[in-house]
Amino acid sequence: MTLSQLLSTAFVQHAFYAVTAVALAAGAVGYFVVLRSQSFAAHAIGHVGFAGAAGAVWLGVSPIFGLLVFCLGAGLLIGWGGAALDESDTVVGVTLTAALGLGVLFISLYSGYANATYSILFGQILGVTSGDVATVTILSVSVLVVLSLVYRPLLFVSVDAQGAEARGLSIRGMSLLFMGLLALTTVVAIQIVGVLLVFALLVAPAAAAESTTSRPLHAAALSMGVALFSAWLGLFLGVWIGGPVSFWITALAATSYLVARTLARSARGRPARRPA
Amino acid sequence: MSVLEMSGGAVRLGGRTVWRDANFRLESGTITAVLGPNGSGKSTLLRATLGLVPLSEGTLRVFGEEPRRGSRDVGYMAQSRVADSMSSLTGRDYVGLGFDGPRFGWGRDRTKATVVREVLRLTGTTHFADRPISSLSGGQRQRIALAHATVFQPGLLLLDEPLAALDMGAQAEIVDLVNLISDRTGAAVVVVAHDLNPLAPIVDHVLWIARGQVRSGSVEDVVNEATLSDLYGHPIEIVMTARGRRVIVGLEEELAHPHPHGSDHSHDHDHEHDHEYGHGHGHGHESDDEAHRGETPRADR
């Protein structure tokens, strides 16, 4: 099969739509993850998803249901318990380990095909069905719409929680809302890159963007762009050269971050600003 | 109608009375300093005014009404934390959040740019407003924070420790700016501080909170030996230096063994003060100033 024939097959087409939706949602939500220094929470929710997916596989239902239940549950728990950003690490850690333990239990109970576990952990982008594409697209678009509606208050509460509280915003409410969005994004991202690598798509593009610009909207847009670039190019390289697509995507996202950091550092190295 | 009026006010947090019998009345265009030891409930007073903490006794009226959260007519500047997250914004963006940050939805308010431009001009921040906050000096950051709190030209402006962690030059700049804002907008300003001296030139009124009590009056009424000795229950001396700075002697013991009554340590809002206990200096004590000087350099200055 030639490359152009490969690219026009149904499974590559499905993968293309799915990574597009996921990259946009992950890039946008990731900006707030980085801004709120909640990478650990993002990481944890992904791993909690492992328990959910393993449980669903054991029960014989689609992993996405287990992912939804566990990721949302963990997100809300972390959002509630860790509303004050500085207390959140412990809450996240406890949630994470409890869920990983459950995941191990489910895996041991499930005596079937180990491939299911593998695809939860590392993603299975080229196995995405048209039904998966629909689910992933609906969830991603919902996340993006909600995020655009709460963008300003979320930014306010993320940079100045006390000031935002004084102006009538609920710190805990916003925290719950954001962790809900993060959980949904994690669920869709796990479909593509798997539990272990979801972090790369959520955090690396956003961190790259955030180190390059001080304008929130620019940073969020740039983060979405970097995620999209990594996802598209990763998919293309996976199909063209071979190797797991999730490897390519994560490698590209990480490289983008390194490049952005290097650029930002050399920009900062320019002659210092005149002291005011 | 007074801007802020408290009668017989008390606050309990976590089953403990933070302060009680607070009686005072603040008018438009006046500047009030809130002084007292760490953990005495100074920030709590601001939070009560914002409607974030209910009174357990007495009444509090803001523009004649019950305090309510989210009022545009009350500007608030939280105690400065140079949050990493805030550093990744420009000053103008942060001031803009004061305008429409609390609003959900897609709509844009066309007046925003004008309103923000005006408050940047008022606070003298225009020329660095488009730089990332992370690149600004401590004084510049506080000016931006003041612009943020003043964006609606509120009738009441609550400032929590705006002078903390600033060098003397920057302190004087911020004091001048607070005075200017009060003059231009007619706002009643309440400033929580741990040292009266830098504020003394502009202050009309003092609220001194210690050991669960609140004393209110002019600087002379409150910051005198009789009142403070009565408040603390032991002799307090006030020494005036040649340059008119007040040095308060006799609080050392109070600070080394803080009186449990009226402490609101359980309340996380005040926890950042705690390290100051370790110095064992009095509030308003000159050496208190000096002790902090070395701790607060801004790397980017």
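A nonpolar core, as used here, is a set of buried Ala, Val, Leu, Ile, Met, Phe, Trp, Tyr and Cys residues joined through C-beta atoms within 7 Å. Keep that in mind as you look at this predicted model, since the largest such core has 175 residues.

**The core**
- V22(A), V29(A), L201(A) and V191(B) are the members of the largest nonpolar core that touch the most other members.
- Helix α2 of chain A, residues 10–35, is the top contributor to this core, giving 16 residues.
- Zoom in on L201(A): setting aside neighbours within four places in sequence, its contacts are A23(A), A26(A), A189(A), V193(A), A227(A), I249(A) and A253(A).
- As general background, nonpolar side chains in soluble globular proteins tend to be buried together.

**Chain B on its own**
- Chain B has 10 helices and 11 strands.
- Of its 301 residues, 47% are buried.
- Looking at chain B contacts with a separation of 6 or more, 70% of them link residues 24 or more positions apart.

**Where A meets B**
- Chain A puts 28 residues into the contact, and chain B puts in 29.
- On the chain A side, the elements giving two or more residues are α7 (130–159) and α8 (161–166).
- Of the elements on that side, α7(A) gives the most, with nine residues.
- Sorted by class, the chain A side that touches chain B comes out as 13 nonpolar, seven polar and eight charged residues.

Conventions:
Residues are numbered from 1 along each chain as its sequence is written. Chains are lettered from A and ligands numbered from 1 in the order in which they are written. This is a predicted model: local features need pLDDT of at least 70, side-chain atom pairs count only at pLDDT 80 or more; totals for chains, interfaces and linings use all residues. Helices (H or I, at least four residues) and strands (E, at least two) are DSSP runs, numbered from the N terminus. A residue is buried if 20 or more other C-beta atoms lie within 10 Å of its own, exposed if 12 or fewer, and partly exposed in between; C-beta atoms are placed from the backbone. Two residues are in contact if their C-beta atoms, placed from the backbone, lie within 7 Å. Ala, Val, Leu, Ile, Met, Phe, Trp, Tyr, Cys and Pro count as nonpolar, Asp, Glu, Lys and Arg as charged, and the others, Gly among them, as polar.
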